[in-house]
Amino acid sequence: MSKTAKTVNHETSSHATKTEKPNKFKLKSASKSHVAPATEKPARSDAGFKITIVTLMILSFCAAGAGLGLSIVNYLRDDDTILWGYDSDGNSANFTEGSIAEVAAQVSPGVVSIVTETRTTGWFGQSSTQTSAGTGMIVTQDGYVLTNKHVVDGSNTIKVVLDSGETYDKVKLIGTDPLNDVAFLKIDGVDDLPIVKLGDSKTIHAGQQVIAIGNALGQYQNTITQGIISGTGRSLTAYSSDYSSSENLSDMIQTDAAINSGNSGGPLVNAAGEVIGINTATTSEADGIGFAIPISSVKGMLKNIINNGSASRAYIGVYYINITPDVAVTYDLPVTSGAYLISSSQNASVIANGPGDKAGLKDKDIITKVNGVPVGKAGSVSTLIGEHAPGETIQLTIIRDGKEQNLKLTLENYQVDNRKTTQS
């Protein structure tokens, strides 16, 4: 199995009074009209008039046809309520003089502050209220908001504050990702909110320029920081600020763009103004080390929520080890990246009657591609599957007994299982 990185801290900001345990490694208008004088018009030719009418009708039909065709293409490609950054690869763009301010101005209206209240009762019946603050992103005009799960965990009330200062208190938690630190909220009664544009985290690369936007320290709304992607595919264990909970996270984006307390759930943005990650954790034992969840891993759930009203995540029903060069040597594998399906002493690597089993996956198969996208640098199996919704059919490229083959697999709803090996 891939090694776990040193511990990190989730970056929400809490305003409750408490003693914090020291961290060992705290990842921490219209113008006037001027009327021209009337002039005598020449007599009109009926033939010329008819030609003009016919020409205009043809042009109208052409324009209508083109518009219809474009609408069909957009519909087939993705849900039109979400702004996807698929027209070009925004990860190849670089910031230029003045462009950081332009990109920040473009994205910031869709970045929100999330304020939660959590009420607790002590041993002797006394009650207390803790207020915390994090960040989120509006992904649809009718009020769907993406954030971190730990930002809203256990909260009794949730408020969303826009960059403009407008506040919404009719906010519902729609669902959370069972495999990742991701939550989906819905603001009721809205239909014209500013939104962010989601990019493609599969094509990101180390050294790429990025900016992070978030509610720093829970009080400096939409703070902008700049940096680069320092690495991809990182694994880590993230702890809450009071060490009461932890979560193992994998396939994370490492960045040196400053991520501060309160930034959790905010966007990591490329030079094209596209969101490529969800800022999640940082460290206090080193400068310039922060982590973000790849945006591709949440797109499938988002589509499923919007189109079907379901917060279910897609899965293929397997357990696997992420292949690294060390893992390849240990198990004598023919590749140094991919996902190795391997059974444990408790259960089989392929869940019986699951989508993988139905598609013909077997123990010791190696998944090397998902829909032609290589597993590894572009993302783990879990991240690549996360782009798709339950019910979609995908193609897996596998290696079995040294030979490559392709399998068609129809994704199903994720089934909860508490085993420690990586499930997708």
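User: Is helix H4 enclosed or open?
Analyst: Largely enclosed by the rest of the structure, because eight of the ten residues of H4 (residues 299–308) are buried. Buried means under 20% relative accessible area, exposed over 50%, and partly exposed in between (1.4 Å probe, protein chains only). Helices (H or I, at least four residues) and strands (E, at least two) are DSSP runs, numbered from the N terminus. Keep in mind that this is a predicted model: local features need pLDDT of at least 70, side-chain atom pairs count only at pLDDT 80 or more, and totals for chains, interfaces and linings use all residues. Residues are numbered from 1 along each chain as its sequence is written, and side-chain values use heavy atoms, with hydrogens and water left out.

User: What covers the buried residues of H4?
Analyst: The cover includes E5, strand E8 (171–176), strand E9 (183–187) and strand E10 (197–198). Among the buried residues of H4 are Lys299, Met301 and Lys303.

User: And what follows H4?
Analyst: Gly309, with a positive phi near 70 degrees.

User: Which residue does Lys303 meet in a salt bridge?
Analyst: Glu392, at 3.4 Å from N to O. A salt bridge here is a side-chain nitrogen of Lys or Arg within 4 Å of a carboxyl oxygen of Asp or Glu. Lys303 lies in helix H4 and Glu392 in the loop between H7 and E22, so the pair ties together parts that are 89 residues apart in sequence. Lys303 is buried at 12% relative accessibility, while Glu392 is partly exposed at 27%.

User: How many salt bridges are there by this rule?
Analyst: Seven. One of them joins Arg313 and Asp177, whose closest N and O atoms are 2.7 Å apart. Those two are 136 residues apart, with Arg313 in the loop between H4 and strand E17 (314–315) and Asp177 in the loop between E8 and E9.

User: Is Asp177 buried or exposed?
Analyst: Buried, at 0% relative accessibility. Arg313 counts as buried too, at 3%.

User: What else is Arg313 in contact with?
Analyst: Ser382, for one. Leaving aside neighbours within four places in sequence, Ser382 is in contact (heavy atoms within 4.5 Å) with Leu179, Arg313, Tyr320 and Ser424. Ser382 lies in helix H7 (residues 381–385) and is buried, at 12% relative accessibility.

User: Which residues are linked in a network of salt bridges?
Analyst: Asp200, Lys202 and Glu387. The side chains of Lys202 and Glu387 meet at 3.2 Å, N to O.
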